Each structure stands twice: as structure tokens, then as C-alpha cells.
Amino acid sequence: MPAESQAVGLQNVQLDRPAARLSLAHVLVAFLAFGIAAIFGMLQGLDRGGVITLPKWLNYYQVLTAHGVYMALLFTTFFIIGFLFSGVARTTGGSLPAPARRLGWIGWWLMVIGTLMATVEVLAGNASVLYTFYAPMKASPYFYIGAALLVVGSWFGGYGMFVATHIWKKKNRGKPTPLLAFMAVATMVLWQIATIGVALEVLLQLIPWSFGWVPTINVLLSRMLLWFFGHPLVYFWLLPAYAMWYVNIPRIIGGKVFSDTLARTSFLLFILLSTPVGFHHQLLDPGIPPQWKFFHVVLTLMVVVPSLMTAFSLFATFEMAGRAKGGTGLFGWFKKLPWGDARFMVPFMGMVAFIPGGAGGIVNASYQLDEVVHNTIWVTGHFHLTVGTAVAMTFFGIAYWLIPHLTGRKLTPAANRAGLIQAVVWGTGMLLMSGSMHYLGLLGVPRRTAYTTYMNDPTALSWMPLQGVMAVGGVLLFIGAMIMVGNVIYLTWFAPKGFEEYPVGEPAQQEEVPRLYERWPVIISLAAVLILVAYAYPLIDVIQNAPPGAPGIRTW
């Protein structure tokens, strides 16, 4: 069969029903969590802006915890696993082996049970500790157990992907893992490494302490373990978005993947560099020698390299596609991109937002600049640009083709228009809210605080107009979220039946993948060496020379 005919046949691959059900189950729970998080986010924004006053039975920090847990942990984790399962199935023949599906369903149930446990405790007012659950604030032990089940369930999702790709490799000896499946494995390898820190914190520190089995907790150790996990969590959010940008977007715009090898290289660099960077979140924490903070800052800035590689690859892909369609001159290719297609336009808006978001991350990780913005609302604005815009909008764009593909329906022109409207509403809301947060952060406005005038202090009163702009942005974001949820419901149950392509881009040229890229024990060993160099001495030091233990505190 000619190569072009094979390519056309490949694009007509439809996920079989068992694989589609597993992926869809994760994606639908993700958007349920997203809708709930949006409600809590709007309430939080209106209260902080002084527009409303929450009733006594609904604490501000309770709402803030629910928003963070549901949006940053539940929405992202469920969606990522659902998307990556579909990517593995799509690029390895359209199905998942039975062992992989069993592991996936075990993971789904563990995650759902953990979610329900944590939700009960948050709504009961027993876990208003925010999504970072910093000690010595102490939540109900069942909140921590729920969080642990969520993490363990996500591990099983990763195991399922590893098994599926391993079985494919055994049947296709000598062939490189398909790019999207490779990216799924790389993302879940990163996740398995990153979650070691939070698993140790929850299992060995927080659960025994919250049950009262031990009277105090080593706060500095708990924060080290949290941020061992906390920053690679950002790349766990980002890598599936990058996978969409690298693999799916080229097909959507009628182009080719610029370089298969470059894409794989960037993902491997993220595995190596994403974990030994946690101290840049602790630049103002006592008890960590400055030379170790400096080392983590250097490694953090090295993570910029694979991000710049991604940016170069994407815009090279865009230019090649635009010129192939007749674009001429310096920027004529730009006009040829499919701006009316929500599958492209929505993620593209996320890509654009990631430029200032990434620049803000460099500020946060810079020792001197962090002195200005540390623990201010600038930081909140930063991760609303990265996670709330770049990642979330990419996930929205994925949903517009993934959900109809999984349900056997079509992305209709009406749903496409709704997607474009949603993107404009969401982007405008985020511009108002995140822009205000960045500016207020430079003025020193703290994060993690409810509405307060600080006893009518003139400086605090001068912040209130922009706090109101933040609230307006939050309302627009809520409207955008409800449009998105409505589109998900429509595409799942009401859109007309049909075939929606699962877009997978083909490389612009055939490249030989280096054998090292498929040797995961070597990659993981290199990552482990970097982690040991960055963390071994500080962790041993904080255990041997532990600060005074802290009893649990309930501030609400």
C-alpha cells in the first residue's frame, strides 16, 4: 500500500469501545470537578473583592481549599490520565490490552473514592488547609487518606500505560514507540518520580500526626517533601498540553510535526530537570543552606531550555503549514492558519498566555526578584496564567475533538462557535483577574487572604478597586466555565452521531530515534542521580538537625 494511503488509513483509526469508555470515564469526572471548582472560584473571587460576604457556614478558606483541590488536582489529574490513555490506544492500533484496562479501572476507582473522601472533609469544614495542605495547619486524617488514594490511583493509571506500550513493543520489536504513546509514558514516569515526595509526606508524616499517633511534625521536612512534588506537578500539567501542541495541532492545521526527535528530547529533559528544583519555592524558608537554594535555582532555569525548544518547534510547524497553503512574505503564513477552528484557536490562546506565564516563572525562581513577589498575589496570578490559561485552554481544545471521538459524535459548527466564544470569555476573564493579581502583587498584596481593609489602612484601601476588577474577571471565568461544561454535555450526549477524527500529526521527515531514548532504566537512573545530588544532603540535615516539632493548628 502506498505511504499516503497508509497515512489516510491511520487517521481513520477509531478507538474501540473498551478503550473509549476508560478514557471517557476519566474525562467526564475531570469536567465535573472543573464545574464544581468554577463555582467555588467565583465565590472566592467575589468574597475577596468585597462584592459579597460568605455566610458563616461557608468559610473563605474552605472555599479556597475546594477550588484549589478540584481545579489544580482533580480536574487536571483525571483529564490527563484520560487523554493519555486515549493517546496510547490511538497510536498503538486503536485499543488497549486487557491488563492495561484493568489497571486503568482500578486507578479510576481509587481516585474517585479518594476524591469523595476528601470532598466530605472539605465540605464538613474539617480540611480548610488549601491544596498545598501546609503543616502545622492540621486537617482531618480522612482528607489526607483521600489525597493518598488519589495519588495511588494515578499510579495505577500510569502502570496501565506502561503495560500497554510494553505489549506493543514486544509485538513491534525494533520500532520506536509512537510519539504520542512515548509522551504518555514520559509524562507518567515524571509523575511516578514526582509523587514520591508527597506520598512520603502524607503516609509518614501527615496521617500519623493527624490521627494523634505522634504529637508534633517536622514542618521544614514536610515542606521539602511537598515541593519535591509541587514543582514537577507543574510539568505534569504541562506535558500533556505539550503533547497536544507537538502531535495533535499539526494534523489539525494541515501541517507536519517539525521534528519527532526534538519532541522526544524535550520530554526527556523535563524528566531529568523537573524534580530537583523544589527549593526555588522555598527561597525565603529558613533551615535550607543558601548554596542548595542556588543549585535548585540553576536547575530551574535550565528547564527553560526544553520549553524554548517547544516554542521553536511549534512556530516552525505553523510557518511550514501556512506557507504550504500559499502564505507569502514574512508573516503571510500566519493568516493561513485555521483561526475559526476551536480545536486550534483555543489551545493557541493558551500558548500565547504561556509566554508571560513562563517569564513570570523565571521571576519567581530568581533569588533577588522573588524577594519582591514571594507570597504575594503575584504568585497566584502566575499560576493562573500557566495552569489556568495555558494548560486549561489546551485541555478545552483537546475536549472539542476527543469527547466526540470517544462518544461517536461530531463537533458541530454550533459547538465550534460556542468553543470560540468560550475561549474569548475565558481569556478576557483571565486577563482581568491575572493582570490585576500581577500588579497587586508588585504592590505587596498578600495571597491566601480573604477580603480585608486592614482596619481601613489607606494603603490597603487603595488596593480595593483592583480587587474588584479581579472579582469581575472571576465572574467572566465562571461564565466561560459554564459554557465549557455545556459544550461537554452536548458533545457527550446530544451532538449528532458521526466520526470525529483523532488527529495525529506525521513527522515532516523520517528520523531515526536514538536507542537511548527507549532505555527507560537509564533515563530514570540519570534523573535519580540529579535528585540525590539536589536533595540527599538537605534532607539528611533537616532530619538529623530537626527544628522543634510543631503541634497541629486549626485556624478556622
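The following exercises with worked solutions concern the predicted model shown above.

Residues are numbered from 1 along each chain as its sequence is written, and side-chain values use heavy atoms, with hydrogens and water left out. Because the model is predicted, local features need pLDDT of at least 70 and side-chain atom pairs count only at pLDDT 80 or more, whereas totals for chains, interfaces and linings use all residues.

**Exercise 1. Confidence**

Task: State the mean pLDDT of the protein, and say over which residues pLDDT stays under 50.

Solution. Step 1: pLDDT is the predictor's confidence in each residue, from 0 to 100. Step 2: the mean for the protein is 94, and 98% of its residues reach 70 or more. Step 3: over residues 1–9 the value stays under 50. For residues 1–9 the model has two contacts beyond four places in sequence, where contact means heavy atoms within 4.5 Å. Step 4: where pLDDT is low, the predicted coordinates should not be read in detail.

**Exercise 2. Helix 10 and helix 12**

Task: Determine how the axes of helix 10 and helix 12 cross, and which residues meet.

Solution. Step 1: helices (H or I, at least four residues) are DSSP runs, numbered from the N terminus. Helix 10 covers residues 304–324 and helix 12 covers residues 342–365. Step 2: two packed helices are described by the angle between their axes and the distance between the axes. Axes are lines fitted to C-alpha atoms, for helices over the stretch in contact, and angles run from 0 to 180 degrees between N-to-C directions. Step 3: the axes of helix 10 and helix 12 come within 12 Å and cross at roughly 150°. That makes helix 10 roughly antiparallel to helix 12; angles under 35 degrees count as roughly parallel, over 145 as roughly antiparallel, 65 to 115 as roughly perpendicular and the rest as oblique. Step 4: from helix 10, Val304, Ser307, Leu314, Phe315 and Phe318 meet Phe344, Phe348, Met351, Phe354 and Ile362 from helix 12. By class, the residues of this contact are nine nonpolar, one polar and no charged. Here Ala, Val, Leu, Ile, Met, Phe, Trp, Tyr, Cys and Pro count as nonpolar, Asp, Glu, Lys and Arg as charged, and the others, Gly among them, as polar.

**Exercise 3. Residues within helices**

Task: Classify Tyr144, Ala164 and His231 as buried or exposed, and list their contacts.

Solution. Step 1: buried means under 20% relative accessible area, exposed over 50%, partly exposed in between (1.4 Å probe, protein chains only). Step 2: Tyr144, in helix 5, has a relative accessible area of 0% and is buried. Beyond four places in sequence, the contacts of Tyr144 include Phe133, Val202 and Trp209. Step 3: Ala164, also placed in helix 5, is buried at 2% relative accessibility. Outside the four-place neighbourhood, Ala164 is in contact with Val88, Leu96, Pro97 and Ala100. Step 4: His231 belongs to helix 7 (residues 219–252) and is buried at 10%. With residues up to four places away not counted, His231 touches Ser274, Val277, His280 and His281.

**Exercise 4. Backbone features in loops**

Task: Locate Pro136, Arg448 and Asn456, and describe the backbone feature of each.

Solution. Step 1: Pro136 lies in the loop between helix 4 (98–123) and helix 5 (141–171). A cis peptide bond, with omega about 10°, joins Ala135 to Pro136. Step 2: Arg448 is in the loop between helix 15 (413–442) and helix 16 (458–494). Arg448 is not a glycine, yet has a positive phi of about 60°; its relative accessible area of 23% makes Arg448 partly exposed. Step 3: Asn456 lies in the loop between helix 15 and helix 16. Phi of Asn456 is positive, near 60°, and at 52% relative accessibility Asn456 counts as exposed.

Technical notes: Helix = DSSP H or I, 4+ residues; strand = E, 2+ residues; numbered from the N terminus.
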